[in-house]
Amino acid sequence: MPKLDPKKIQSELDQELLWPVYWLYGSEKMKSREILKRIRRMVLGSHPDPFGAEAVLDAQETDARSIIEMAQSPSLGGGVRLIVVRDAHQIKEADQLSELLAPRKKLSDLEFVVVFLSKDLDARKKFSKVLLEQAAVVPCEDVAEADRVAWIQYLLKRRGLEISTDEMANLVVMDPWTLDLVDMELEKAELFRLNSNSTEDARDVFLPGSGTLNAVGGVDSFLEAFFGRNLVEALVRVDRFADEADEALPLLGLLGWNVKQLALCVNDRERGTRWAKLNPYVADKLRRWAMQWTMADIERLQACLCELDYGFKQTPLLPLGLWSRLAQQFCR
């Protein structure tokens with residue numbers, strides 16, 4: 001059968017239908033945790049006393065036969081036994097696990113549910129093909145850029161939190177981007193606002209990847225100055241964050257993301273096309289910035305950002321000098 005998405009799994013759980021084996025794979029750990037949480041709630045909720053009904057194993061410390069024996073052992077107090085196997089991609093002789101596979105059933109008809117948490121699913125392996133045919137295989141991969149807003153809205157709803165359009169735009173373009181990192185930023189914003197005497201002050205501080213940068217100068221202000229090619233304004237803001245590595249490194253990633261998007265806009269402008277598919281939260285800003293740049297400028301900037309990254313990590317050069325030189329090279 002084809003791979004299942006989280007919505008399909010939830011629909012089956014609502015009908016109390018479960019698979020004996022789930023294989024959750026991919027780098028987006030929050031997705032797999034959410035699915036596991038819902039499976040756990042369904043399975044252990046059927047136990048009058050859930051203590052001892054769940055076992056958590058590490059694939060580096062066990063083997064396929066041990067997993068099979070544990071699954072087939074009766075649960076203390078009866079009921080369905082839940083087994084969670086971490087780092088499942090490292091299981092040796094995984095083909096043996098085939099004897100655990102079976103079609104989905106009503107919860108009342110199951111003896112065990114085994115959830116494998118894996119980094120990937122190697123399509124070249126014979127066992128992977130068996131899994132796809134006889135188990136619930138759920139990809140938990142990186143969130144596509146087009147889907148980021150929907151996921152952020154889900155996290156906001158879960159926290160009962162509201163943010164401004166600018167804050168949403170900052171979250172969408174954050175780099176690196178994972179659900180866990182986004183949720184951490186929302187948690188910081190929530191905590192700050194609870195302890196702040198002013199909602200406006202809290203909004204000034206909230207910025208992905210930074211707890212204080214917006215309060216002392218503003219990443220948005222620096223980006224506006226830099227991509228607007230305003231040298232004086234850019235240098236003023238560089239002086240406020242350059243020596244703070246925890247603030248400057250996330251900004252470097254944010255710069256890289258904006259440059260990629262800007263390249264699409266500049267390419268459209270120079271060719272007279274409209275191929276660029278931009279996030280609506282930042283499209284107007286990017287198109288405005290694009291009027292200040294050429295593709296030659298963009299290519300040179302991309303090379304300089306690589307040098308800047310190397311300079312931060314591999315050389316003793318002062319960050320203030322590196323940032324200032326970048327601004328002087330590209331702003332007027």
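Me: Which residues does Asp183 touch, not counting residues up to four places away in sequence?

Reply: First, a note on the basis: this is a predicted model, in which local features need pLDDT of at least 70 and side-chain atom pairs count only at pLDDT 80 or more, while totals for chains, interfaces and linings use all residues. Residues are numbered from 1 along each chain as its sequence is written, and side-chain values use heavy atoms, with hydrogens and water left out. A contact means heavy atoms within 4.5 Å. With residues up to four places away in sequence not counted, Asp183 touches Met30, Leu155, Arg158 and Arg159.

Me: Where does Asp183 lie, and is Asp183 buried or exposed?

Reply: Helices (H or I, at least four residues) and strands (E, at least two) are DSSP runs, numbered from the N terminus. Asp183 belongs to helix α7, residues 179-195. Buried means under 20% relative accessible area, exposed over 50%, and partly exposed in between (1.4 Å probe, protein chains only). Asp183 has 12% relative accessibility and therefore counts as buried. Of the 332 residues of the protein, 45% count as buried.

Me: How many aromatic pairs are there?

Reply: A pair of aromatic rings is described by the distance of the centres and the angle of the planes. Rings of Phe, Tyr and Trp (its six-membered ring) pair if their centres lie within 6.5 Å; planes under 30 degrees apart count as stacked, over 60 as edge-to-face and the rest as tilted. By this rule there are eleven aromatic pairs. In one of them, the ring centres of Trp23 and Phe127 are 6.3 Å apart and the planes stand at 75 degrees, so the pair is edge-to-face. Because Trp23 lies in strand β2 (residues 21-25) and Phe127 in helix α4 (residues 126-134), the pair ties together parts 104 residues apart in sequence. Trp23 is buried at 6% relative accessibility, and Phe127 is buried at 7%.

Me: What kind of aromatic pair do Phe227 and Trp289 form?

Reply: Phe227 and Trp289 are stacked, at 4.7 Å centre to centre with 25 degrees between the planes. Phe227 is in helix α9 (residues 219-227) and Trp289 in helix α12 (residues 283-290), 62 residues apart. Phe227 is buried with a relative accessible area of 0%, and Trp289 is buried at 1%.

Me: Which residues form one aromatic cluster?

Reply: The cluster consists of Phe222, Phe226, Phe227, Trp289, Trp293, Trp323 and Phe330.
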